[in-house]
Amino acid sequence: RTLCYLELPNYVQFDKVGSFAAKLLAKNDASGDRSLQILEFKTTGFTPDTDWIAQCGIIRTPNANQNELFLYVDNSFPNGQETYQTLPASTEEFYNMRLELNPTTGLITCYANDNIVGSYTPTNLNTLKSQLFNRHFVGFWSPQSAGTYQVDDAIVQP
């Protein structure tokens, strides 16, 4: 497994998470089982196996001839709830991806070119409001897989 991980330098409170956006492009050179490029919100106050994670990005599964845009939320505490929502994607096309967290309702939304890929409202909102969060770029390739992605115009708000 190969992991490329870029962490933004500042941790923020729940109500300051805001949005994280970038142009993402999957090149048409992937092979193997799976590769992906994501924007991620992640809690910092838990152990690695129980952090809360929201991801928005592009996943390529060349062996199955699939390219998808996706929202994934791993709500590992307290009961391990997950959601995974997808839309078909193309290679060699930039997508303006954006991951947003609404500070009032907790709604997490993943957008591609201003269209909703997926959305989810966590059930443990009060717990999340007491956590620190960070924003990450993550690239991942499963064993014996390869893929090239391009990232451009990253924007973090607020």
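**Salt bridges, sheet and cores of the predicted model**

D114 forms a salt bridge with R98, with the closest N and O atoms 3.0 Å apart. A salt bridge here is a side-chain nitrogen of Lys or Arg within 4 Å of a carboxyl oxygen of Asp or Glu. The D114–R98 pair links distant parts of the chain: D114 lies in the loop between β9 and β10, R98 in strand β8, 16 residues apart. Salt bridges that share partners join R98, E100 and D114 into one network. The side chains of E100 and R98 meet at 2.6 Å, N to O. D114 counts as exposed because its relative accessibility is 58%. E100 is partly exposed, at a relative accessible area of 26%. Buried means under 20% relative accessible area, exposed over 50%, and partly exposed in between (1.4 Å probe, protein chains only).

This is a predicted model, in which local features need pLDDT of at least 70 and side-chain atom pairs count only at pLDDT 80 or more, whereas totals for chains, interfaces and linings use all residues. Residues are numbered from 1 along each chain as its sequence is written, and side-chain values use heavy atoms, with hydrogens and water left out.

The count comes to 4 salt bridges. Another of them joins the side chains of K23 and D153 (3.2 Å, N to O). This pair also links distant parts of the chain: K23 is in strand β3 and D153 in strand β12, 130 residues apart. K23 counts as partly exposed, at 29% relative accessibility. D153 is likewise partly exposed, at 41%.

Strands β3, β8 and β12 belong to an open sheet of 5 strands. Its order is β10-β9-β8-β3-β12, with antiparallel pairing. The edge strands are β10 (115–120) and β12, each pairing on one side only. Neighbouring strands are turned by 15° against each other on average, direction ignored. For such angles, axes are lines fitted to C-alpha atoms (for helices over the stretch in contact), and values run from 0 to 180 degrees between N-to-C directions. Strands (E, at least two residues) and helices (H or I, at least four) are DSSP runs, numbered from the N terminus. Two strands pair if DSSP finds at least two bridges between them.

Strand β3 (residues 19–26) is mostly covered, with 7 of its 8 residues buried. Antiparallel to β3 runs β8 (residues 95–101), joined by 6 bridges. K23 has N96 as its bridge partner in β8. R98 has Y111 as its bridge partner in β9.

The model contains 1 disulfide (a pair of cysteine sulfur atoms within 2.5 Å). It joins C56 to C110, S to S 2.1 Å. The link is right-handed, with 65° about the S-S bond. C56 lies in strand β5 (residues 52–61) and C110 in strand β9, 54 residues apart. C56 counts as buried because its relative accessibility is 0%. C110 is buried too, at 0%.

A nonpolar core is a set of buried Ala, Val, Leu, Ile, Met, Phe, Trp, Tyr and Cys residues joined through side-chain atoms within 4.5 Å. The largest has 33 residues, of which F41, W52, L69 and M97 touch the most other members. A second, separate core of 6 residues includes L36, I59, F70 and F140.
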